[in-house]
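Good morning, and thank you for joining.

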Amino acid sequence: MAVNGSPELVVEPDSTLVLLTVEEAARRLGIGRTTCFRLVSTGELESVTVGRLRRVPADAVPAYVAALRRSALAA
């Protein structure tokens, strides 16, 4: 229960989404929103523009993690 006595709202991530908001991608990566926006702005994490919106393809998240693992092994 939440502090005020009401039950907590738990939102399960939708694994069927093809495009994620930067905030959703950050949650999946377990990093902060600002860090995720930096990764998007530097191109380290792939993103696309849909109209005026910035979205991260869902498959870009595991691709980013795989790139991190490859670079860790090479070091």
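Let me begin with Glu-44, which is partly exposed at a relative accessible area of 44%. On the scale used here, buried means under 20% relative accessible area, exposed means over 50%, and partly exposed lies in between, with a 1.4 Å probe and protein chains only.

A word on provenance. This is a predicted model, in which local features need pLDDT of at least 70 and side-chain atom pairs count only at pLDDT 80 or more, while totals for chains, interfaces and linings use all residues. Residues are numbered from 1 along each chain as its sequence is written, and side-chain values use heavy atoms, with hydrogens and water left out.

Glu-44 forms a salt bridge with Arg-38, the closest N and O atoms being 3.8 Å apart. The criterion for a salt bridge is a side-chain nitrogen of Lys or Arg within 4 Å of a carboxyl oxygen of Asp or Glu. Arg-38 also counts as partly exposed, at 44% relative accessibility.

How many salt bridges does the structure hold? There are two. In the other one, the side chains of Arg-33 and Glu-23 meet at 3.1 Å, N to O. This pair links distant parts of the chain, since Arg-33 belongs to helix α2 and Glu-23 to helix α1, ten residues apart. Glu-23 is partly exposed, with 29% relative accessibility.

I turn now to the helices. Helices (H or I, at least four residues) and strands (E, at least two) are DSSP runs, numbered from the N terminus. In helix α2, residues 33–42, the buried residues are Cys-36, Leu-39 and Val-40. Viewed down the axis of α2, these fall within an arc of 100°, so they line one face of the helix; the arc is that of the directions from the helix axis to the C-beta atoms. In general, an α-helix has 3.6 residues a turn, so residues three or four places apart point the same way. The face of α2 turned away from its buried side carries Thr-34 and Ser-41, both exposed.

What do the buried residues of α2 pack against? Their partners are α1 (22–29), β3 (53–57) and α3 (60–74). Just after α2 comes Gly-43, with a positive phi of about 85°.

Helix α1 has Val-22, Ala-25, Ala-26 and Leu-29 as its buried residues. Down the axis of α1, they too lie within an arc of 100°, so they line one face of the helix. They pack against β1 (19–20), α2, β3 and α3. Gly-30 follows α1, and its phi is positive, near 75°.

Next, the largest nonpolar core: a nonpolar core is a set of buried Ala, Val, Leu, Ile, Met, Phe, Trp, Tyr and Cys residues joined through side-chain atoms within 4.5 Å. Of its 14 residues, Ala-25, Cys-36, Leu-45, Val-56 and Val-61 touch the most other members. The elements giving two or more residues to this core are α1, α2 and α3, and α1 gives the most, with four. Leaving aside neighbours within four places in sequence, Val-61 is in contact (heavy atoms within 4.5 Å) with Leu-20, Ala-25, Arg-28, Leu-29, Leu-45 and Val-56.

Finally, Ser-47 sits in the loop between α2 and β2 (48–50). Is Ser-47 buried or exposed? Ser-47 counts as buried because its relative accessible area is 19%.
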